[in-house]
Amino acid sequence: MSKTRLRRVGTVAALGAALFAGALTVAPTASAVGSSACAKNVTNHWRHIYVLASQGAYDSYMHSGPGETYKVVKGLGYGDDFKAYCGGYSSHGNWWYYSKLPNGKKGWIFGRDSSKGRF
């Protein structure tokens, strides 16, 4: 193999490794996401959990980001109230509400698990 060809192969390999490492450093992770993921303001309205789980301890969950891949912050039961500030989409295209519970805890709740609240 000629020196020029060997140099090209080495350059391509180094470039490929650098691009791969760069992709790993900018890849999204399932860490906490605040209101920065909001796509629409929902004017701070009250909602409540409207589903009953067929099994398990909770009917719905509050997550640290808009999607089930994010960390569970709190388990919620049927009728639990929360105040929705804004909403956003998960990576799968599902609607989630960025919310605050009456105890002050903030997080994301799956939109289909809730309906209009008490107020």
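This is a predicted model: local features need pLDDT of at least 70, side-chain atom pairs count only at pLDDT 80 or more; totals for chains, interfaces and linings use all residues.
Which residues is I49 in contact with, leaving aside its neighbours within four places in sequence?

View 1. Beyond its neighbours within four places in sequence, I49 is in contact with D59, S60, L76, G77, Y78, G79, D80, F82, I109, D113 and S114. I49 also belongs to the largest nonpolar core of the structure.

**View 2. The nonpolar cores.** The largest core comprises 9 residues, namely V42, I49, M62, L76, F82, A84, Y97, L101 and I109. Two or more of its residues are given by each of β1 (40-49) and β4 (81-89). In soluble globular proteins, nonpolar side chains tend to be buried together.

View 3. Seven strands form an open sheet in the order β3-β2-β6-β5-β4-β1-β7, and their pairing is antiparallel. Strands β3 (72-76) and β7 (114-116) lie at the edges; each has a single partner strand, so one side of each lacks a neighbour in the sheet. On average, neighbouring strands of this sheet are turned by 45 degrees against each other, direction ignored.

**View 4. Pairing of β5 with β6.** Residues 95-100 (β5) and residues 106-110 (β6) pair in the antiparallel sense over 5 bridges. K106 in β6 is the bridge partner of K100.

**View 5. The whole chain.** The chain contains 1 helix and 7 strands, which follow the order α-β-β-β-β-β-β-β from the N terminus. Of its 119 residues, 29% are buried. The chain exposes about 8000 Å², of which carbon and sulfur atoms supply 56%.

Terms used
Residues are numbered from 1 along each chain as its sequence is written. Side-chain values use heavy atoms; hydrogens and water are left out. Two strands pair if DSSP finds at least two bridges between them. Helices (H or I, at least four residues) and strands (E, at least two) are DSSP runs, numbered from the N terminus. Axes are lines fitted to C-alpha atoms, for helices over the stretch in contact, and angles run from 0 to 180 degrees between N-to-C directions. A nonpolar core is a set of buried Ala, Val, Leu, Ile, Met, Phe, Trp, Tyr and Cys residues joined through side-chain atoms within 4.5 Å. Buried means under 20% relative accessible area, exposed over 50%, partly exposed in between (1.4 Å probe, protein chains only). Contact means heavy atoms within 4.5 Å. Accessible areas come from the Shrake-Rupley method with a 1.4 Å probe; for residues, only the protein chains shown count as cover.
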